Amino acid sequence: QVFGPKTGCVLVCLRARSPPHPEGSAAPAAPRVAMGKGHKQSKQGGLSTKTRKKSNKNSRASHIARKIRTKDIDQVHDDLKEPDKFLAGVLEKDEDLPGMGQFYCIACSRFFQTAAVKVAHEKSKLHKRRLQKASDIPHSQLDAELAAGMTHDR
């Protein structure tokens, strides 16, 4: 017997014991199972299809179609060669863009409300990661063909 401290009641633990069998007789049958169907489990690891986390959500066509597209890394690499075109006074003013289109991050291709917000963004991990990718030399078609084993005469 076990005393339950929270409930204040006595719980009885019963263990299924099989009676000892004589040496010459056969082993006892399998232990009894409680009646009822029990809970149903799917073959997919215990989660139903509605609650299971989908692993390929970001590569689906529907996700890619809804994604807000920014410039690709090779386009950003070309823009980083001429940063003077994207300074605050040089850009033309546009009422539809944040901050009248004056505060632009070249690496992330985003506009910001104020210069202070842009400076805070430049300290972020996302900006630093994107800047690192953009500063690398992008691959060309020639690199891809050489890697595949196709030779070119120069």
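Student: Which residues does Cys108 touch, not counting residues up to four places away in sequence?

Tutor: Good place to start, and please keep in mind that this is a predicted model. Once sequence neighbours up to four places away are set aside, Cys108 touches His121, His127 and Arg130.

Student: Where does Cys108 sit in the chain?

Tutor: Cys108 belongs to the loop that runs between strand 3 (103-105) and strand 4 (110-112).

Student: Is Cys108 buried or exposed?

Tutor: For this we look at relative accessible area, and buried means under 20%. Cys108 has a value of 7%, so it is buried.

Student: How far apart are the C-alpha atoms of Cys108 and Arg129?

Tutor: They are separated by 9.7 Å, and the two residues are 21 residues apart along the chain.

Student: Let's turn to His127. Which element holds His127?

Tutor: His127 is part of helix 4, which covers residues 125-135. With a relative accessible area of 8%, His127 is buried.

Student: Which residues does His127 touch, not counting residues up to four places away in sequence?

Tutor: Its partners are Cys105, Ala107, Cys108, His121 and Glu122. His121 also takes part in a polar contact with His127, side chain to side chain, at 3.3 Å.

Student: How should I read a helix that has some buried residues?

Tutor: An α-helix has 3.6 residues a turn, so residues three or four places apart point the same way. Now take helix 2 (residues 73-80), whose buried residues are Val76, His77 and Asp79. Viewed down the helix axis, these buried residues fall within an arc of 165°, so they line one face of helix 2.

Student: What covers the buried residues of helix 2?

Tutor: The cover includes helix 4.

Student: At what angle do helix 2 and helix 4 pack?

Tutor: The angle is about 80°, and the axes lie 8 Å apart. Angles of 65 to 115 degrees count as roughly perpendicular, and helix 2 and helix 4 are therefore roughly perpendicular to each other.

Student: Which residues in helix 2 meet which residues in helix 4?

Tutor: From helix 2 come Ile73, Val76, His77 and Leu80, and from helix 4 come Arg130, Leu131, Lys133, Ala134 and Ser135.

Student: His77 keeps coming up. Is His77 buried or exposed?

Tutor: His77, in helix 2, counts as buried because its relative accessibility is 14%.

Student: What does the side chain of His77 reach?

Tutor: It reaches the backbone oxygen of Ala134, at 2.8 Å. Leaving aside neighbours within four places in sequence, His77 is in contact with Ala134, Ser135, Asp136, Ile137 and Pro138.

Student: Now the backbone. How do I read a positive phi?

Tutor: Most residues other than glycine have a negative phi, and most peptide bonds are trans. Here, Met100 has a positive phi of about 60° although it is not a glycine. Ser109, also not a glycine, has a positive phi of about 50°.

Student: Where do Met100 and Ser109 lie?

Tutor: Met100 is in the loop between helix 2 and strand 3, while Ser109 is in the loop between strand 3 and strand 4. Met100 is partly exposed, with a relative accessible area of 36%, whereas Ser109 is buried, with 15%.

Student: What about Pro83, and where is its place?

Tutor: Pro83 is in the loop between helix 2 and strand 3, and its relative accessible area of 38% makes it partly exposed. The C-alpha atom of Pro83 is separated by 7.7 Å from that of Ile106, a residue 23 residues apart from it along the chain.

Student: Let's finish with the whole chain. How many helices and strands are there?

Tutor: There are five helices and four strands, and along the sequence they follow the pattern β-β-α-α-β-β-α-α-α. Of the 154 residues in the chain, 13% are buried. For contacts between residues at least 6 apart in sequence, 24% join residues at least 24 apart.

Technical notes: Residues are numbered from 1 along each chain as its sequence is written. This is a predicted model: local features need pLDDT of at least 70, side-chain atom pairs count only at pLDDT 80 or more; totals for chains, interfaces and linings use all residues. Side-chain values use heavy atoms; hydrogens and water are left out. Helices (H or I, at least four residues) and strands (E, at least two) are DSSP runs, numbered from the N terminus. Buried means under 20% relative accessible area, exposed over 50%, partly exposed in between (1.4 Å probe, protein chains only). A polar contact is a pair of N or O atoms within 3.5 Å; within protein, one must be able to donate a hydrogen and the other to accept it, and residues adjacent in sequence count only if both atoms are side-chain atoms. Contact means heavy atoms within 4.5 Å. The arc is that of the directions from the helix axis to the C-beta atoms. Axes are lines fitted to C-alpha atoms, for helices over the stretch in contact, and angles run from 0 to 180 degrees between N-to-C directions. Angles under 35 degrees count as roughly parallel, over 145 as roughly antiparallel, 65 to 115 as roughly perpendicular and the rest as oblique.
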